[in-house]
Amino acid sequence: ARLPPNSYPSPLTTSKAPASLSAKSDTGLAHILAKVPLFRGIHASHLKKLLRLCTPVVFARGERICTMGDPSDSVLLLLSGELEVLMEDEASVATVRPVTTVGEMSYVTKWPRSVSLVAVKECAMMKILNTQLHALLLSDRALHLRMLENIVTIMAARIVGLNDHMRRQLLDDREGGSERA
């Protein structure tokens with residue numbers, strides 16, 4: 001069963017960024033960042049610092065962004081395109097649409113990637129290396145706290161979404177089972 005869009009988390013190959021992505025102003029990108037749950041409530045001056053850590057990357061349709069079990073070295077910001085979330089058996093379980101992040105869980109846990117991601121459409125993304133993010137956050141305690149609060153909120157929302165999804169699946173299974181009886 002598939003999960004609702006943007007309800008599932010998640011090294012990269014590097015591609016050239018399109019001119020439109022590279023040419024966006026810091027102010028425009030900071031405005032976009034401010035709408036992303038990971039960066040909610042973060043002051044514009046901090047968003048500009050975060051932008052300086054970002055490397056634009058583009059993935060072609062069908063390109064694998066990461067594989068379950070890969071080392072987690074970065075957080076990715078999906079600006080455009082669409083990602084498919086795959087489990088170990090390559091079963092598609094969710095779709096991720098912009099504007100959102102994937103891989104934020106890895107910043108906290110340092111665990112390997114929990115899913116594989118494949119570009120369904122060409123994806124323009126920004127990559128932030130965990131080591132660079134950590135160095136920035138260590139230099140600003142308030143920013144670090146806000147980011148960690150946002151990560152906890154994201155994870156809690158995903159758990160609630162997964163619980164709702166599982167509840168609906170159980171109800172569907174029960175209704176289907178009573179019809180078969």
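The legends below describe close-up views of a predicted model.

**View 1. Packing of helix 3 against helix 5.**
Two packed helices are described by the angle between their axes and the distance between the axes. Helix 3 spans residues 44–53 and helix 5 spans residues 130–138; their axes lie 10 Å apart and form an angle of about 150°. Angles over 145 degrees count as roughly antiparallel, and helix 3 and helix 5 are therefore described as roughly antiparallel to each other. Their crossing is right-handed. Helix 3 contributes Lys49, Leu50 and Leu53 to the contact, while helix 5 contributes Gln132, Leu133 and Leu136. Sorted by class, the residues of this contact are four nonpolar, one polar and one charged.

**View 2. The side-chain contact between Arg158 and Glu104.**
Arg158 belongs to helix 6, which covers residues 141–180. The side chain of Arg158 makes a polar contact of 2.6 Å with the side chain of Glu104. With a relative accessible area of 8%, Arg158 is classed as buried, because buried means under 20%.

The side chain of Ser92 makes a polar contact with the side chain of Glu84, at 2.8 Å. Ser92 has a relative accessible area of 24% and is partly exposed. Although Ser92 and Leu117 are 25 residues apart along the chain, a separation of 9.5 Å is found between their C-alpha atoms.

**View 3. The cis peptide bond between Pro98 and Val99.**
Most residues other than glycine have a negative phi, and most peptide bonds are trans. The bond joining Pro98 and Val99 is cis, with omega about -5°. Val99 is placed in the loop between strand 4 and strand 5, the latter being residues 100–102.

**View 4. Positive phi at Glu90.**
Glu90 is not a glycine, yet its phi is positive, at about 70°. The residue sits in the loop that links strand 3 (74–86) and strand 4. Glu90 is partly exposed, its relative accessibility being 40%.

**View 5. Positive phi at Lys110.**
Lys110, a residue other than glycine, has a positive phi near 65°. The loop between helix 4 (104–109) and strand 6 (116–129) contains Lys110. The relative accessible area of Lys110 is 55%; this residue is therefore classed as exposed, a term that applies over 50%.

Technical notes
Residues numbered from 1 in each chain as written. Predicted model: local features only at pLDDT ≥ 70, side-chain atom pairs only at ≥ 80, totals over all residues. Heavy atoms only, no water. Buried < 20%, exposed > 50% of the residue type's maximum accessible area, 1.4 Å probe, protein only. Polar contact = N/O pair within 3.5 Å; in protein donor to acceptor, adjacent residues only side chain to side chain. Helix = DSSP H or I, 4+ residues; strand = E, 2+ residues; numbered from the N terminus. Axes fitted to C-alpha atoms, helices over the stretch in contact; angles between N-to-C directions. Parallel < 35°, antiparallel > 145°, perpendicular 65-115°, else oblique. Left-handed = near helix turned anticlockwise from the far one by under 90°. Contact = heavy atoms within 4.5 Å. Nonpolar A, V, L, I, M, F, W, Y, C, P; charged D, E, K, R; others polar.
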